[in-house]
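Please read the following report alongside the sequence and the coordinates.

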Amino acid sequence: MTDATDTAEANFGDVVLAAAADRRLVVQPRMGMSRPEEMRRGLAATRGAAARTVGTITLDSYTRVGDHDAARAALEAGADLNGYPIVAHPPEVTEAVVEGIRGPDFPVQVRHGSASPQYIVDALTRVGLHATEGGPVSYCLPYSRLPVADSVTAWAEACRVLGDLGEHGPRAHLETFGGCMMGQLCPPSMLVAISVLEACFFRQFGIDSVSLSYAQQTDPVQDAEAIAALRALADEFLPDLSLHIVVYAYMGVFPRSAEGATRLVRDAAALGVRAGAHRLIVKTTAESRRIPTIAENVDALRAAAETAERTRAVEPAATPPADTGILAAARALVETVLSGDADVGRALVGAVRRGVIDVPYCLHPDNRGRTSATVGPDGRLHWTRTGGLPRAVTQEDTARTGHDSSDDLLRSLYYVQRRFDRAAAGAAG
């Protein structure tokens, strides 16, 4: 690791791409603690893990929704929050959290979940941080009641600030959250398309270092095809950007058993290597029960890194996945949205209004709600209703069930949890 006295931070994306050039998968926790001393310990432990890591400061729910007064009141009362309230803490406090830990090979990313990130971006840039994530669609539809048009305006304001950072230090890095809409049960073509579209939105504001996200779903072969589609569309629509692919360990209902959870995280690491991703957001064995400890986060990082190295050793060349229509469907979505307006923000608003972006099971008032999906008998995610989506989406790997029952929804929601817990129980027996 770099000497702790060397604190000059490099661009987040450049650090990840340098690791990729060394054939190393960067692993990153979803870690956030409200107490500064504990957040600092978490960053130090991440940096010292037996893995190639970058740091994370994940924010709390009050900060995510802009209730900074409630976050300050909680801090004054000595309450523990479910993340780090970067706006409520004075800048000098956050500077002390990262001082001597961040450096040329250990940048720190702020992860938040806000549809209105202006105060968050202001707070992170005040202390010299430059990497964050989200997007005007992906952090609005699942997490907010804010109109999408207002989220686009808020994100435009934040992106203008981030786009100016390169004049004074490391240029900003923005990661799309579009590859993780609702965490689960959103078919891959929509995840891929929103990830690419949000990167197009970022580029409008001069942000030239981005990462495109994709969340592990229900079938590794389908996921590999989706990531290949994401890479292809990045080359097609974003050839001028410095970018990398980030995979999230499964973001839906997690296995309850420690062994089942470990198997799922290891599968995510193997997927990342096989699909040519550059970074992995790791989850822990405690995800289904409580907020993980620092030690549990470090254990998960180590397990993921070990699996990545082992997978790379035994599978030096990835096998191109079969084409089931994900690329064509995602391209049709991107092209249809971008054809709506020369301004990507207005195009996104119009696409949601017309139902071209329509996320299954999303209850946001702006979402049309005319699409649905299921986990089929083959374990793959299938559309069951495609509403007003482009024709290429209806020709994707689609199941025509004729109905969407509550029993089918529950079965699909718990499919991954049950599959991995059963596998763990079988191995133990």
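Ser114 is buried, because its relative accessibility is 1%, where buried stands for under 20% relative accessible area, exposed for over 50% and partly exposed for what falls in between, using a 1.4 Å probe and protein chains only. The model is a predicted one, in which local features need pLDDT of at least 70 and side-chain atom pairs count only at pLDDT 80 or more, while totals for chains, interfaces and linings use all residues. Residues are numbered from 1 along each chain as its sequence is written, and side-chain values use heavy atoms, with hydrogens and water left out.

Ser114 belongs to the loop between β3 (108–111) and α6 (118–126); helices (H or I, at least four residues) and strands (E, at least two) are DSSP runs numbered from the N terminus. Not counting residues up to four places away in sequence, Ser114 touches Arg64, Ile120, Tyr139 and Trp155, a contact being heavy atoms within 4.5 Å. The side chain of Ser114 also reaches the backbone oxygen of Ser116 at 3.0 Å. Ser151 is 37 residues apart from Ser114 along the chain, and their C-alpha atoms are separated by 9.0 Å.

## Aromatic groups

A pair of aromatic rings is described by the distance of the centres and the angle of the planes. Rings of Phe, Tyr and Trp (its six-membered ring) pair if their centres lie within 6.5 Å, and planes under 30 degrees apart count as stacked, over 60 as edge-to-face and the rest as tilted. A search of the whole structure finds eight aromatic pairs, and two of these are set out below.

| Pair | Centre to centre | Angle between planes | Type |
|---|---|---|---|
| Tyr139 and Tyr143 | 5.6 Å | 50° | tilted |
| Phe201 and Phe205 | 5.1 Å | 65° | edge-to-face |

Tyr139 is buried at a relative accessible area of 4%, whereas Tyr143 is partly exposed at 33% relative accessibility. In the pair of phenylalanines, Phe201 counts as buried at 1% relative accessibility, and Phe205 counts as buried at 17%. One aromatic cluster is formed by Tyr139, Tyr143, Trp155, Phe177, Phe201, Phe202, Phe205 and Tyr248. Arg64, which Ser114 touches, places its charged end over the ring of Tyr143, 5.1 Å from the ring centre; for such a placement, NZ of Lys or CZ of Arg must be within 6 Å of the ring centre and within 35 degrees of the ring normal.

Strands pair if DSSP finds at least two bridges between them. Strand β1 (residues 26–29) pairs with β8 in the parallel sense over four bridges, and Gln28 has Ile281 as its bridge partner in β8. Strand β7 (residues 242–248) likewise pairs with β8 in the parallel sense, over three bridges, and here Val247 has Leu280 as its bridge partner.

A nonpolar core is a set of buried Ala, Val, Leu, Ile, Met, Phe, Trp, Tyr and Cys residues joined through side-chain atoms within 4.5 Å. The largest such core has 119 residues, of which Ile57, Ile86, Phe201, Leu238, Leu280 and Ile357 touch the most other members. Helix α8 (residues 188–203) supplies the largest share of this core, 11 residues. Apart from it lies another core, of seven residues, among them Phe12, Val16, Ala19 and Val26.

Which strand pairs with β9 (residues 371–375), and in what sense? The partner is β10, joined in the antiparallel sense over five bridges, and one of the bridges links Val375 to Leu381. The two strands form a hairpin with five residues between them, and Gly379 in the turn has a positive phi of about 85°. Strand β10 (residues 381–386) is largely enclosed by the rest of the structure, because five of its six residues are buried.

Asp408 is found in helix α15 (residues 406–413). The side chain of Asp408 makes a polar contact of 2.8 Å with the side chain of Thr374, and another of 2.7 Å with the side chain of Arg411. A polar contact is a pair of N or O atoms within 3.5 Å; within protein, one must be able to donate a hydrogen and the other to accept it, and residues adjacent in sequence count only if both atoms are side-chain atoms.
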